[in-house]
Amino acid sequence: MPEARPDGALSPEHRAVLRRWAEEDGPLATRARVVLLAADGLRDAEISRRLGVSRQTVGSWRQRWTSAGVEGLEHRPRTGRPATVDEAEVITRTLLAPGGSGASRAVARELGLSHATVAGIRRRWRLTPHEAPAPSVPTVPPLPGADVWVMGLYVDGERAVLLAGTRRGSVPPATAGTVIGTDVLAGLDRALDGALKAAHGVTRGSGAHGLGEYLAEAGRLHPDLALHAVTLWETRARDDRPPLPEGPVTCHRIPVRSTWRTFLRAMIALDSTSHPESSRRVYLDLAAELERYAAARSASPYGAVRWLRERVAGHLGPVRAVDGADRSRSWSGVNQIDLGSFNECVVIETVRLSGTITRGEIAHRTGLTQQSVSRIARSLLDRGILIEDAQRRATSGKPRTPVRLCGTAAHALGIHIDPEVLTAVVIDLDGAIVRTRTRPVTADTDPAEFVERVAALGRETLAEARGAVREDGFLGIGVAVPGPVDIASGTVLGPPLMSAWGDLPLLYLLKDHFPCPVLMEKDSTAAAAGERWIGRDRRARDFAYLYLGTGVGTGLYLNGDLYRGISANAGEFGQLCAIALGRVGEDGRPEMMTECNPPVSVPDLALRGGMRPLPTASGSTAAYRAVGEAAAAGDPAASAAVREVARAVGRGALGLIDLLDIDLIVLGGPFFTEDVAGFYLDEIARTVNEFPTARRLRQVEVEPSVLSAEAAAVGAASTIFHATFAPRLRGREGRAGHLPAG
């Protein structure tokens with residue numbers, strides 16, 4: 001409990017906080033002024049007269065301060081009404097606690113307002129719970145359009161400007177759900193306080209010239225958005241300040257009934273709940289930029305915060321083929337199989353793992369009653385998901401009729417994005433490949449052209465598979481990409497050897513091309529999903545999938561589900577290897593190990609070991625395969641190179657075994673080829689069985705993947721099946737780009 005303190009005992013820290021609240025003129029201003037005046041010895045009647053509030057309100061806030069301190073002032077009781085209502089604070093709390101009228105009532109109780117007041121504010125912002133979201137931001141003048149994005153923030157010693165973007169004629173998307181929380185907003189507040197302190201220490205700001213350059217840069221980066229500069233605060237009087245530069249950017253002021261800080265929070269909340277692309281990462285980037293400015297201000301006293309966000313989905317515009325035809329909706333007739341219950345998914349999973357099984361065996365393994373299993377099986381048979389096999393003779397009673405999955409009942413498309421080649425596969429429910437296509441790509445391809453190539457490859461593969469795919473059985477598209485990724489915003493962040501495509505909102509750009517569910521997954525995680533789905537009972541336990549690609553990654557299957565981690569980037573393997581081998585720089589940062597990039601490290605080590613010159617450049621796929629062939633043929637330098645890389649990977653795998661206490665490692669990926677498989681399997685198996693702390697209690701199996709060379713593409717397609725059919729209870733909020741569990 002906060003320490004109670006009398007009115008007159010204000011510590012310097014508390015007095016500073018209260019004065020800041022009073023100066024901001026926000027919803028906390030009246031509360032702070034009551035306590036400050038009481039600390040100066042004024043009676044309730046005088047405080048009431050000066051502030052224009054009731055004596056009951058004064059007494060209430062004095063009592064809250066005495067009993068709970070600063071915390072008591074921050075949380076308003078139901079009694080009393082505030083002198084002023086900050087509409088932006090109401091909007092922020094409403095958006096971050098969605099739930100229709102219930103949320104409105106909860107916000108009203110929390111802020112000490114009437115439900116009618118909150119409802120009126122929501123109507124003014126056009127955020128009523130029973131209508132499609134079409135927000136109207138009541139700046140002066142109002143922002144045009146309902147689809148509003150936060151695009152940038154400019155702060156110098158003279159003013160702070162929020163840059164908003166709108167799309168002319170666009171329809172805002174359905175609410176995406178909260179993707180940031182109060183923790184992110186609190187972090188932004190702290191970073192903003194540091195930046196403002198630094199900015200206020202500047203004798204003069206960058207002026208209109210610096211802001212003009214910033215707005216011009218924003219226009220170049222976001223050419224197809226209407227941009228609006230909303231002045232949050234400024235130090236000069238309106239008649240004394242230089243005007244904002246002329247140009248396509250319109251100028252606005254914050255709403256009359258809001259403070260600049262709460263308005264900024266409301267805009268962030270509105271953006272993040274309307275657009276999955278506006279994820280935690282975007283605003284964590286903004287907080288980092290504010291912190292950098294505060295830290296570096298002493299070295300650059302005339303600098304300014306000039307944050308601009310990256311492109312958002314749709315900025316590349318409608319993509320057209322060479323013939324000019326719009327390809328955004330070229331493949332239709334897509335439906336998702338409707339699974340009515342968790343128990344249906346349990347039955348499907350049991351049949352999938354067993355291959356062929358009778359209804360009685362299903363009941364025995366799942367704990368469901370015979371009647372429930374018969375009813376569910378009959379429904380799945382009617383919908384074509386299960387089919388019956390030949391009857392089995394029984395020792396007593398009537399013959400048993402086993403069931404199995406119908407492979408042709410469902411199909412999915414998987415696309416794997418690699419620095420050198422794009423791969424697309426269509427697979428059926430059994431994991432059989434129906435159609436495969438590849439297309440070369442270079443790392444310097446323009447992002448717009450790259451997205452078109454990916455979409456075109458997907459369309460072509462689907463067109464070729466059309467005869468084998470049931471029109472009502474195509475479930476969706478999975479896309480496997482190198483990490484790290486931002487799943488919430490569908491963004492590829494910094495893929496290795498693909499710098500031109502960094503911060504590309506790939507998922508939502510691809511959704512413009514396909515009218516079906518599109519999921520994005522890290523390539524190693526996708527491979528683990530495919531291994532689990534196609535491996536059936538052989539992979540019906542926890543395992544780690546070591547994916548040997550352009551880098552080594554890990555896909556984790558733990559406790560009956562894929563383990564993605566809080567940001568869906570679990571399994572980054574290179575730093576684990578570096579720490580295990582003691583490869584750490586002077587600053588403590590783990591090194592980027594070349595051994596964790598097999599196509600580069602294996603040829604280099606082989607050449608240094610005395611192998612004859614390679615027919616192709618070192619670092620290419622062809623060079624890696626040439627060394628692999630030489631190693632399989634007995635070349636000592638080639639064999640030593642592969643073993644050295646395998647030994648380094650094994651040390652990282654040892655860390656996984658000790659950390660997770662698992663007994664299965666699966667190896668796969670495009671560089672786990674037949675020629676080198678034996679080297680990796682032997683070295684890693686030796687390391688994870690000889691050196692773990694609990695080696696006396698378990699025997700770790702190291703096995704090759706059941707997937708083909710297209711492991712990531714097949715795995716990407718399998719993520720659709722996993723999301724649709726895997727029996728999982730919904731314990732966490734769904735992420736953008738992921739189907740709900742069955």
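Modeller: Gladly, and please keep in mind that this is a predicted model. The accessible surface of the protein chain comes to about 32,600 Å², and 50% of that surface belongs to carbon and sulfur atoms.

Biologist: What does the secondary structure of the protein chain come to?

Modeller: The protein chain has 23 helices and 19 strands. Of its 742 residues, 53% count as buried, and among the contacts between residues at least 6 apart in sequence, 69% join residues that are at least 24 apart.

Biologist: Let's pick a strand, then. How many residues of β8 are buried?

Modeller: Strand β8 covers residues 411-417, and seven of its seven residues are buried. His411, Leu413, Ile415 and Ile417 point one way from the strand, while Ala412, Gly414 and His416 point the other way, and all of them are buried.

Biologist: And which strands is β8 joined to by bridges?

Modeller: On one hand, six bridges join β8 to β11, and these two strands run parallel; within that pairing, Gly414 stands opposite Gly478 in β11. On the other hand, seven bridges join β8 to β9, which spans residues 421-428, and that pair runs antiparallel. β8 and β9 form a hairpin with three residues between them, and in β9 the bridge partner of Ile417 is Leu422, while that of His416 is Thr423.

Biologist: In what order do the strands of the open sheet come?

Modeller: Five strands form the open sheet, in the order β10-β9-β8-β11-β14, and the pairing is mixed. β10 (433-440) and β14 (518-522) stand at the edges with a single partner strand each, so one side of each is left without a neighbour in the sheet. Neighbouring strands of this sheet are turned by 15° against each other on average, if direction is ignored.

Biologist: Which strands does helix α15 touch where it packs on the sheet?

Modeller: Helix α15, residues 447-465, touches β8, β9, β10 and β11, and its direction makes about 150° with that of β10. Helix α17, residues 523-535, also packs on the sheet, where it touches β8, β11 and β14, and its direction makes about 105° with that of β14.

Biologist: Changing topic to the backbone: where are there cis peptide bonds?

Modeller: A cis peptide bond joins Val140 and Pro141, with omega at about -10°, and Pro141 has its place in the loop between α7 (115-124) and β1 (148-155). The peptide bond from Gly483 to Pro484 is cis as well, with omega near 0°, and Pro484 lies in the loop between β11 (474-481) and β12 (485-486).

Biologist: Which residues have a positive phi without being a glycine?

Modeller: Arg126 is one of them, with phi near 55°, and Ala568 is another, with a positive phi of about 65°. Arg126 lies in the loop between α7 and β1, whereas Ala568 is found in the loop between β17 (561-563) and α18 (574-580).

Biologist: Are those two buried or exposed?

Modeller: Arg126 counts as exposed because its relative accessibility is 53%, and the cut-off for exposed is over 50%. Ala568 has a relative accessible area of 1%, so it is buried, given that buried means under 20%.

Note on methods:
Residues numbered from 1 in each chain as written. Predicted model: local features only at pLDDT ≥ 70, side-chain atom pairs only at ≥ 80, totals over all residues. Heavy atoms only, no water. Helix = DSSP H or I, 4+ residues; strand = E, 2+ residues; numbered from the N terminus. Buried < 20%, exposed > 50% of the residue type's maximum accessible area, 1.4 Å probe, protein only. Contact = heavy atoms within 4.5 Å. Areas by Shrake-Rupley, 256 points an atom, 1.4 Å probe, with all protein chains shown as cover. Pairing = 2+ DSSP bridges. Axes fitted to C-alpha atoms, helices over the stretch in contact; angles between N-to-C directions.
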